[in-house]
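Student: I am new to this structure. Please look closely at one part, the interface, and then go on to what lies around it.

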Amino acid sequence: MDVPKQFTKVSESPTLPGKRGARKTFDVADLYRDPSGEPAPDAGLGLDEKLRKAYFWITNSAIITPFYDIEFNDGPAPEYTVGDSKSIVRLPSAQSYSSFVLLPLLTLAVRGKCLFVGGPGRGKTASAIIMGVLAGYPLIDIKRAIQHGQPQMTIADLLGNPLPADLMKAESMDAIRIAWRKWLAMRVKIIDEYNRIPTRTQSALLTVMADNYAEIMDQVYECPDAAWYLTANDDAGGGTYQVIEALRDRIDVVVHALHFNSRFIGELLARVDSGVKPETLVPGEIIFTGEEIDRMHADILAVEMPRALLRRLEHFASQFEFCEPAGEQIEYKTKDVVKLAGENPATLAERETGKSKAKDLGLQTANGLSVRAIMTILVFTKALAYFRGAREVSPDDLRAMVPFVLHDKLVQNPDASFLEEQGNAVYRVDRVSWIRRLFDLSCAEYDQVGLDKNDPVGALMDAFARGLEGVTRKQAEEALVAIERRMDAHQKERKLHGPIFDDILALKYLHQRYRNYLRWLEWQG
Amino acid sequence: MAGLIPPELAACVERHRVALNAAFAAHRAGHPRIDADGVLRAFASLAETARAALADRPDAIDALIEPLFAISLELAGPRGRLPGLEAHLGRFIALFPHAVSHEPDRLLRDAANAYRTLFARCVSAPERWTALMAGTSRLAPTPDELRRYGAIAAWRAGLAEFRQAAVASIGASGSDAVRALLGISDNVAMPDPAAFAAALADNPWADPAALAAGSAQPRACFAAIGGFSAFGGVFAAPPVVFAQDGIALAHDGTRCFEIIADRFGAHFAPAGAAPGDRIAPDPSVVVGPSAIVAHGISIALRDIAPIDANHPLPDLPVVPVRGSAYDGHAVYLTTPLSYRVFVVGIAGAGA
């Protein structure tokens with residue numbers, strides 16, 4: 001049967017004209033790779049272009065997802081207000097992307113963990129299967145390796161069985177060999193409907209996801225680094241079993257399977273007529289070898305995060321953990337302390353007085369950001385910048401990626417005053433927009449305070465980061481005076497917010513480090 | 001930049017590429033103005049030196065790549081702007097490739113710190129240290145031996161504060177290394193290192209070579225130490241020496257220093273505020289027209305041999321002495337117009 005050309009056509013290069021090489025980035029490979037700019041055989045260039053080609057093949061030929069919810073603009077973008085709710089529709093001026101395809105692809109590139117959520121029949125599993133094919137696995141192997149969550153799923157179903165003969169003959173546990181399930185050895189792992197897996201089996205899955213090994217009867221199987229794809233019909237607790245929090249926390253990004261746009265039924269008809277299954281037609285030129293994925297991951301990690309942007313992320317991340325009534329000592333004024341005591345941070349936050357409850361971003365959440373969440377933001381933001389052909393993360397990359405990483409990690413405080421305000425009720429259900437709004441509000445505050453130009457604590461941190469070696473007694477004493485002056489300034493401000501809380505703790509840290517250094521200098525004579 | 005390193009080294013660097021790029025990114029977070037090309041140049045130079053020095057053990061270079069890159073990051077930063085540090089480190093690696101390949105992180109950092117400390121004392125000290133160390137390269141020292149040799153060479157190169165560590169190292173080192181580091185002739189039968197170290201410990205102004213040979217030494221030797229701070233010395237104003245609890249101290253009006261001096265150099269350790277009422281010449285030191293008498297020991301001026309011909313003994317009977325001190329091994333004198341402290345070291349005074 002002839003396959004219509006549209007299903008096998010890969011976009012021509014460049015997929016992102018005129019974008020590459022905005023700024024030279026450091027790469028030790030400059031010492032030996034071809035200076036002409038052409039990809040040297042082993043230098044790992046051009047994989048971002050291959051990744052983009054894969055993206056465009058999926059969106060153009062495989063998955064009908066005519067959405068551009070990750071918007072980028074490089075100039076004025078027309079805006080329209082529609083409906084009674086006065087929703088704003090922008091027509092992006094720069095290349096924009098569908099999160100449903102882009103995020104799974106980035107997950108493949110960084111070997112992360114992606115959760116698809118959405119109703120049945122929206123292409124969640126199909127999308128995961130295509131990622132497996134892109135990673136170089138035969139379709140049949142991918143399909144056989146999918147772990148389908150169901151209420152009777154046992155640990156043996158998931159991981160493997162002890163060999164019956166060994167069970168009979170073995171004189172010690174060491175002698176029992178395990179027939180490990182083949183999926184454990186794959187570099188793409190797909191868990192379908194993970195919220196239907198019984199809790200005990202979820203714990204076994206957690207070990208594989210978190211620590212990359214499986215264990216049965218004291219036998220251990222080390223798994224390779226892999227990209228994980230999980231699906232859930234209803235991630236808000238509608239599965240057969242509640243997903244254990246540790247497992248949920250291991251998920252890096254959450255992607256919504258959006259609805260099917262009825263204007264594209266014609267494309268469905270074309271597939272029905274031709275009997276085409278796109279996952280069987282993945283062009284060879286967009287299939288990645290394991291070595292290529294390794295290299296791509298390394299290239300992504302080499303993408304630079306500018307200091308100013310990192311400072312903006314610090315400001316955003318500092319908004320959420322602080323809870324003033326939680327403790328007496330400054331270090332314990334956190335939501336985590338409240339939760340450990342079995343209290344609800346939202347209830348406690350209500351006792352706070354003197355602050356604008358609608359403006360304090362920390363009051364909108366019931367928790368803060370974990371280290372894992374911040375690391376995931378950094379990695380996926382770099383991956384997005386890499387995908388967009390940049391050597392450096394831009395504010396747009398960060399803004400685009402934060403909602404998908406924090407989707408399940410930042411828990412909303414349903415009693416927050418902000419959500420009661422007119423027009424904000426939508427944020428109770430649209431978590432992506434809510435988190436993006438939080439980020440925008442944090443950036444607005446950052447700009448209003450002028451932290452890009454005047455960040456005294458940042459300057460002290462930068463000076464300290466340059467190291468204490470060679471710092472004279474006079475310089476250390478000057479730093480201590482500067483820290484104490486900054487503390488005086490905070491004392492006068494009276495109101496405490498998340499960013500100030502983190503600044504105060506940072507100042508205390510710096511003060512202690514310089515104090516210890518001075519003591520050491522005195523001892524040294 | 002491409003082609004700076006040969007293909008076999010390139011293959012090795014490629015294996016560490018992710019780690020090296022990540023190390024650079026982490027370093028740049030704290031040092032945004034770091035010279036990336038400078039890092040690559042320093043790294044290429046050091047890595048190539050190491051590769052050439054380890055030609056007999058090509059596998060060993062792998063363990064050196066990341067430590068060499070870490071030190072290259074320092075070389076391109078403000079702490080690396082020491083003239084010739086990269087070249088000195090290159091020579092060090094070339095002299096001791098096997099020891100460095102065993103403990104690359106620590107040894108490279110130790111060596112870089114040693115060169116910085118030596119340079120801070122005297123611009124030519126790093127060269128002297130490398131030359132002394134070169135004498136031990138044929139012994140293929142282990143990392144621990146190399147650290148001991150480094151302490152001895154640092155003392156010989158002018159870091160008097162290393163004397164105790166150096167003497168202890170001499171006692172623990174082999175005869176061949178001690179001979180090479182202290183310049184003892186091959187014709188001289190080496191004494192037992194432990195006994196030799198004990199003799200050196202008792203006599204900071206003895207010439208080790210003469211001591212080993214058992215030959216006669218001058219009764220006393222002379223050195224001029226300190227100098228004007230604006231010319232790289234120590235004192236902002238002509239200092240005054242005085243003794244306190246058997247320790248010689250120098251005070252220049254604002255700061256006070258403990259003097260640690262011996263035949264090979266001097267160190268001025270900050271000693272806090274000077275006790276104003278105690279700054280007075282040592283009454284037991286008397287400078288006469290033909291001799292200096294300290295605590296009953298008389299040294300004829302004609303018996304005092306200058307260690308450095310560029311700094312002869314001043315005309316002491318004519319120049320008035322402003323401060324004096326005796327610490328059991330040497331007499332320290334200062335004059336009203338000189339920024340230097342004049343030291344008369346007495347061989348065998350402490351024996």
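Tutor: What follows starts at the interface and then moves into each chain.

This is a predicted model, in which local features need pLDDT of at least 70 and side-chain atom pairs count only at pLDDT 80 or more, while totals for chains, interfaces and linings use all residues; side-chain values use heavy atoms, with hydrogens and water left out. Residues are numbered from 1 along each chain as its sequence is written, and chains are lettered from A and ligands numbered from 1 in the order in which they are written.

At the interface, 28 residues of chain B are in contact with 23 residues of chain A, where contact means heavy atoms within 4.5 Å. About 2100 Å² is buried between chain B and chain A, and carbon and sulfur atoms give 60% of that area. Buried area here is the accessible area (1.4 Å probe) that two parts lose on being put together, summed over both.

The rule finds 2 salt bridges across the interface of chain B and chain A. A salt bridge is a side-chain nitrogen of Lys or Arg within 4 Å of a carboxyl oxygen of Asp or Glu. Side chains of opposite charge can pair when their charged atoms come close. Arg17(B) and Asp27(A) form a salt bridge through their side chains, at 2.7 Å from N to O. The interface of chain B and chain A also has 4 residue pairs in polar contact, both residues being at pLDDT 80 or more. A polar contact is a pair of N or O atoms within 3.5 Å; within protein, one must be able to donate a hydrogen and the other to accept it, and residues adjacent in sequence count only if both atoms are side-chain atoms.

On the side of chain B that touches chain A, the elements giving two or more residues are α1 (7–15), α2 (17–30), α3 (36–53) and β5 (265–270) of chain B. Helices (H or I, at least four residues) and strands (E, at least two) are DSSP runs, numbered from the N terminus. With 8 residues, α2(B) gives the most to this side. By residue type, the side of chain B that touches chain A divides into 18 nonpolar, 5 polar and 5 charged. In this count, Ala, Val, Leu, Ile, Met, Phe, Trp, Tyr, Cys and Pro are nonpolar, Asp, Glu, Lys and Arg are charged, and the others, Gly among them, are polar.

Ala50(B) lies in helix α3 of chain B, and with a relative accessible area of 0% Ala50(B) is buried. Buried means under 20% relative accessible area, exposed over 50%, and partly exposed in between (1.4 Å probe, protein chains only). Not counting residues up to four places away in sequence, Ala50(B) touches Ile61(B), Leu64(B), Leu68(B) and Ile93(B). Ile93(B) is itself one of the buried residues of helix α5 (residues 85–95) of chain B, along with Leu85(B), His88(B), Leu89(B), Gly90(B) and Phe92(B). The buried residues of α5(B) pack against α3, α4 (61–75), α6 (97–102), α7 (104–121), α8 (125–134) and α9 (143–156) of chain B.

The side chains of Arg147(B) and Glu103(B) meet at 2.9 Å, N to O. Arg147(B) lies in α9 and Glu103(B) in the loop between α6 and α7 of chain B, so the pair ties together parts that are 44 residues apart in sequence. Both count as partly exposed, Arg147(B) at 23% relative accessibility and Glu103(B) at 25%.

Of the 525 residues of chain A, 49% count as buried.

Chain A has salt bridges of its own, including one between Arg90(A) and Glu71(A), at 3.4 Å from N to O. Arg90(A) lies in strand β2 (residues 87–90) and Glu71(A) in the loop between α1 (47–62) and β1 (79–82) of chain A, so this pair ties together parts that are 19 residues apart in sequence.
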